[in-house]
Amino acid sequence: MRHQLLRRAILQLLYQRAVEAPQSLIVGVESREIALQLDMTPYEFAFNALYLDGKGLIANDRSSHGGEMQFYAIMITPAGIDVIENPEHMERLVPLTRHAGTRNRRLKS
């Protein structure tokens, strides 16, 4: 569940930055700054940024250097803004779920 909370925190931080400084929608926020503010390791940040990017909720300027993904400027997309502003969208696209094993118990006969 930590990753789900981190994804939501990334979106919320980017949304807040966009409201406070709309130019961040164009130039983005440095990934290092996001990771430091949210107390994330570089690997946690990369994993969750790739997920959010794949969902179309953030956009980023990234490159691959020696097989390791490096993120530079991250910005929230219009779809990401919609997710933050609509809790139903948030639950659908960035759900908070319990451990999968607790949901998939076999029925006893």
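**Asking how we know**

Tutor: Let's start with Ile 84, which sits in helix H5 (residues 78–85). Keep in mind that this is a predicted model.

Student: What does Ile 84 touch, leaving out residues up to four places away in sequence?

Tutor: Ile 84 touches Leu 11, Gln 12, Tyr 15, Ile 76 and Met 90. There is also a C-alpha separation to look at: 8.5 Å between Ile 84 and Arg 8, which are 76 residues apart along the chain.

Student: How is the protein chain put together, from the N terminus on?

Tutor: The order of elements is α-α-β-α-α-β-β-α-α-α. That gives seven helices and three strands. The chain has 109 residues, and 33% of them count as buried.

Student: Which residues have the most contacts inside the largest nonpolar core?

Tutor: Those are Leu 11, Leu 14, Ile 34 and Phe 45, in a core of 21 residues. The elements giving two or more residues to this core are helix H1 (2–20), helix H3 (31–37), helix H4 (42–54), strand S3 (68–76) and helix H6 (87–93). H1 supplies the largest share, six residues.

Student: And which residues is Ile 34 in contact with, beyond its neighbours within four places in sequence?

Tutor: Its partners are Ile 10, Leu 13, Leu 14, Val 29, Phe 45 and Ile 74.

Student: Now helix H4. How do you know that its span agrees with its number of residues?

Tutor: H4 has 13 residues, and at 1.5 Å a residue it should span 18 Å. Its end C-alpha atoms are 18 Å apart, so the two agree. After H4 comes Gly 56, with a positive phi near 80°.

Student: Which residues of H4 are buried?

Tutor: Glu 44, Phe 45, Ala 46, Asn 48, Ala 49 and Leu 52.

Student: Why is Glu 44 called buried?

Tutor: Its relative accessibility is 15%. Buried means under 20%, so Glu 44 counts as buried.

Student: What makes Arg 2 and Glu 44 a salt bridge?

Tutor: Their side chains meet with N to O at 2.7 Å. The cut-off is within 4 Å, for a side-chain nitrogen of Lys or Arg and a carboxyl oxygen of Asp or Glu, so the pair qualifies. It links distant parts of the chain, with Arg 2 in helix H1 and Glu 44 in helix H4, 42 residues apart.

Student: Why does Arg 2 count as partly exposed?

Tutor: Arg 2 has 43% relative accessibility.

Student: How many salt bridges does the structure hold?

Tutor: Two. Arg 17 forms one with Glu 33, where the closest N and O atoms are 2.5 Å apart. This pair also links distant parts of the chain: Arg 17 is in helix H1 and Glu 33 in helix H3, 16 residues apart. Glu 33 has 33% relative accessibility, so it counts as partly exposed.

Student: Which residues make the nonpolar surface patch of about 280 Å²?

Tutor: Met 1, Leu 5 and Leu 96 make that patch. Leu 96 is in the loop between H6 and helix H7 (100–103).

Notes. Residues numbered from 1 in each chain as written. Predicted model: local features only at pLDDT ≥ 70, side-chain atom pairs only at ≥ 80, totals over all residues. Heavy atoms only, no water. Core = buried A, V, L, I, M, F, W, Y, C linked by side-chain atoms within 4.5 Å. Buried < 20%, exposed > 50% of the residue type's maximum accessible area, 1.4 Å probe, protein only. Helix = DSSP H or I, 4+ residues; strand = E, 2+ residues; numbered from the N terminus. Contact = heavy atoms within 4.5 Å. Patch = residues over 30% accessible without salt bridge, like charges linked within 9 Å, V, L, I, M, F, W, Y side chains within 5 Å. Areas by Shrake-Rupley, 256 points an atom, 1.4 Å probe, with all protein chains shown as cover. Expected span 1.5 Å × (residues − 1).
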